[in-house]
Amino acid sequence: MTPRRALGAVCLTVGAVLAQAETPQPQQVPPTFTANTDVVLVDVSVRRNGAQVPGLTAADFELRDNGVKQDIETVESTAVPIDLSIVVDVSGNPDRPWENLPSTAKVAADLDAEVRKLVALLRPGDRVRLFAQDTYVQQIWPLQPASSAPRVERVVFDGQSSLFDTLTTVLLQPIEPRRRHVIVAATKGLDTISAVTAADVAAIARHADAQLHLVMLEMDADKDATIRPFQCANMDLCRPTYRFWTPARHRLFVPEPITGGGAPLHTLLADGASLKLGAEATGGALYQGAMLAEPSLFGVFRHAFDNFRQSYVLRYSPKGIARPGWHQITVTVPKNKSLKIQSRTGYNVDAPTPTAGTTRPSRAADAPAPKLETMADLMEAYNRGDYRPVEAVFDVADAGKLIKGFEFTSGMNPWPGTMRGEAAFALELAGAAIFSRPQPIQDAGRGLLQRFSRLIQPTFETDDYEHVWLTTLLALLQGRLSPSLAEPFVERALVRFPNEPRFLLARAIVTDQFWRGFGTMSFGDRMTATEIPIKRADLVISRYQAVAAASPELASEALIRLGWFLYRVGRVDESLKAFDAAPPVPADTGMEYLRHLFKSHVFTSQDKLDDAVTEARTAHTLIPDAQSARIALMNALALRGDATDAEAVAANIETAPRAADPWWAYWLGDFRWYGDARSALRGMIK
Amino acid sequence: MRPIPKLAIVVLAIAGVGGVLGADGVRRQTPQAPPVFRAQTNAVSVDVSVRDTTRRPIADLTARDFVVEDNGVRQSIDEVSYAKRPIDVTVGLDVSGSVTGAALERLRQGVAELARGLRDVDRVKLVVFNTQVHRVIDFSSDAQAVNRALRNVPAGGGTALFDTIGAALVAANDPERRQLIVFFTDGGDSGSVTSPQVMQTMAVRARATVTFVMTYQTVALPNTGASMPATRNVLLLSPSRVLAAVARDTGGEVVPIDFNSNLGLVFRKILDDFRSSYVLFFSPSGVDRSGFHTITVDVARPGTVVTARRGYFGG
């Protein structure tokens, strides 16, 4: 049973989905409901002796939301179309020393045959997609009408098992209003490479808007288990030669040998039990294939499908309860207590995210600030939106130790159902680490970023959250001024978003950072401008030019940066052309300031001192308190022979109070937007 | 050596040591400056350090002992002064992220020692820099004031070394005083908008002598216990070509120091060396006034080491 938004198209949570009836209704939704509050839909299965009980009406059900009885507005059955996600297990046996594997064509053909049977059960209006889990999550086809499901032509198989990652991926697939998401997944009961745990999957399932049916293929698992002893005894192949390394072995069940022959029974292990609870929380189940008449996907789905088709959809508008938070649902049929009722256990509604113009309720003045002594405290505070105390801890604490604590508590954070909160938290924590001085702490920060830059990826297509996360990351890394650290992340971001102009600009800036300044020190990783290899210089130039060509919005910044680079490598005339080609950016005073500042220095280098003075004065006019324009003006005046004026400017430079200067942020690139990007990221956690 | 006022000297504008342009170039006098000289001729002054082979100053030279050539043309020396003219010392301290904590405290102590070594007529100015250039105290003879100012020096940030050198060169321009600029730095620059070429040109045209005190660290080698610069710090010991050129062109030097050195002694020695220098005055003849003038100074006495700036800009 699936609570879901009846009207409107925006899901409020991963799990429960509510609707505002005032929301404009999509055209395909019949204007049936006129409620003025959120609406919750709950799938309910009612059985007597294993058989579905038909003919129940709203009056037969009693539904309580957080203990408060609710008025059931309507009861529907079988009318809601299904989105079916099929998950097959094509991972290999990590223990086998040797095996004559079938061809890809054979595996694909067998898979296709099984899936065809399953798709044939669907009705017009239903949709289907197919996943295969191996070392990577593979989407064989995306969601599409069942009638147009293509043949399975190829599949990558015989790799590691990423069962938990795959289930997480499928559970988090977005759901359209008024459709039901059913997942039927088969597994040989082993996970060897997932980043998430079975407990994570269970937690996600409890909040997911999907019904999960999971079938354990014990016979396949048993076969895998016997190959090695057999080959050892009969073929003298006792050591696994198939894989040198298997990251982990999370088993869902173990066989219990039965003396006297016959198929062994199987006992669920902790991971199996977690998945069972998770599946049942969705209204689905975990099936032991050996217990089914048809121990296959088709058999499981037919079993689940029958149940699902005959279930009821209860609709109600929650009343008398607080909206945010977890809602415990209980459904009963009071007139007949012998009936077996199965529904999901609840749904969650997140607190609304503060928006511009609103303020989060502040803690009472006399209330003591909660102590942030453990990683759990930090994550909870972050989850509450108490960012400043968390930042304060990040500023002073040993970031290396914090990262260890963070990794130790993986799976125990406040965001079990989504990677978003954890990934945002990890990014900020890693930011503290990479700005630390000790190299091991920096390395820990880099490792954390590497891990989460993969974890935040939706499996197949990019999404807004990944974009914002990467934008924030690249802004942070540009501010670190360590191009060797930033470069791989920039390249990875561009793999995900190949034509994203700001990522292209980040790449150009990071490449430029390798020779920032004038590089006149001939030690360390700095080089003199004239020592920049021509090919590398051309690379910087071409990357800035690419940004200018790709994005009118960023063309000005790219050309101004290009001009400054050309000046630094001695191509002065081209430098001036770049500055002049940069479109005006009246809205960005800082960038206009830099244009005039840089031109002043170029003119000074050409001994065009009158022009240099003019440009410096223009920059000074734009931002009167900035030091760098005064420096440019002083240089030009001094070289022009205006000693007294130059001296006066020098005195002014030495005595002026500190004030913002765009030049000081020049090498930090998009770091100047880091605060904005981070705020956007935090806003997307919910 | 005759008193300087007997010369009608106009020392002008930016090319302090040599800068001799014309009376209309004088636009401002500092309050403590004597009345403006009415120049009939243009004079050039050159700071010259003369030492024996053990680096001890030689103090008994007269005008006859010096041979000065301006663009290859021998000049007649009008005046020689030794260790008498008041000195302005500008101390530039790098307080960026690379110079913090105990190192910064040692720096404070070193500058305080330098201030105590000044004569009554001498003055010291303190400029600290990271990304920003900031004058902590203007030219002052009050050693206590310098010491107090040093207690409020901020630290951290990037390093705008070239920008700061430029500002110090331009500001050190009192024609009646000799100008010494001492920069304490690790040699790095990560935040200047002034290019090294421009800064070098400004140094050539300025009056001041610029000396860099640059740090390196030593490490104990394993097994032998011997001590020598670490590989990384050997590189740090090598001053940038630009800084070396600036020191050379202005008659200064690059002083590499172990950071465990007594900075007070180092600063005092730089000041004493500068003080025990000659100032030669001559009125250029036989050369075109404009453009850069190459100066060579020699002493007609064997076993001497002569250090002087390499030229001046004639406008």
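This is a predicted model: local features need pLDDT of at least 70, side-chain atom pairs count only at pLDDT 80 or more; totals for chains, interfaces and linings use all residues.
Val184(A) sits opposite His213(A), a residue of strand E12(A). The strands involved are E10 (residues 180-187) of chain A and E12 (residues 211-216) of chain A, which pair in the parallel sense over six bridges.

Now widen the view. In chain A, an open sheet of six strands runs in the order E9-E8-E7-E10-E12-E16, and its pairing is mixed. Strands E9 (137-145) and E16 (285-288) of chain A stand at the edges with a single partner strand each, so one side of each has no neighbour in the sheet. From one strand to the next, the twist averages 15 degrees.

Chain B has an open sheet too, made of four strands in the order E3-E2-E14-E16 with antiparallel pairing. Its edges are strand E3 (73-75) and strand E16 (311-313) of chain B; each has a single partner strand, so one side of each is left without a neighbour in the sheet. Direction ignored, neighbouring strands here are turned by 30 degrees against each other on average.

| Strand pair | Sense | Bridges | One facing pair |
|---|---|---|---|
| E2(B) and E3(B) | antiparallel | three bridges | Asp70(B) and Val73(B) |

Finally, look at helix H4 (residues 196-205) of chain B. Eight of its 10 residues are buried, so the helix is largely enclosed by the rest of the structure. Among the buried residues of H4(B) are Pro196(B), Val198(B), Met199(B) and Arg205(B).

Technical notes: Residues are numbered from 1 along each chain as its sequence is written. Chains are lettered from A and ligands numbered from 1 in the order in which they are written. A residue is buried if 20 or more other C-beta atoms lie within 10 Å of its own, exposed if 12 or fewer, and partly exposed in between; C-beta atoms are placed from the backbone. Helices (H or I, at least four residues) and strands (E, at least two) are DSSP runs, numbered from the N terminus. Two strands pair if DSSP finds at least two bridges between them. Axes are lines fitted to C-alpha atoms, for helices over the stretch in contact, and angles run from 0 to 180 degrees between N-to-C directions.
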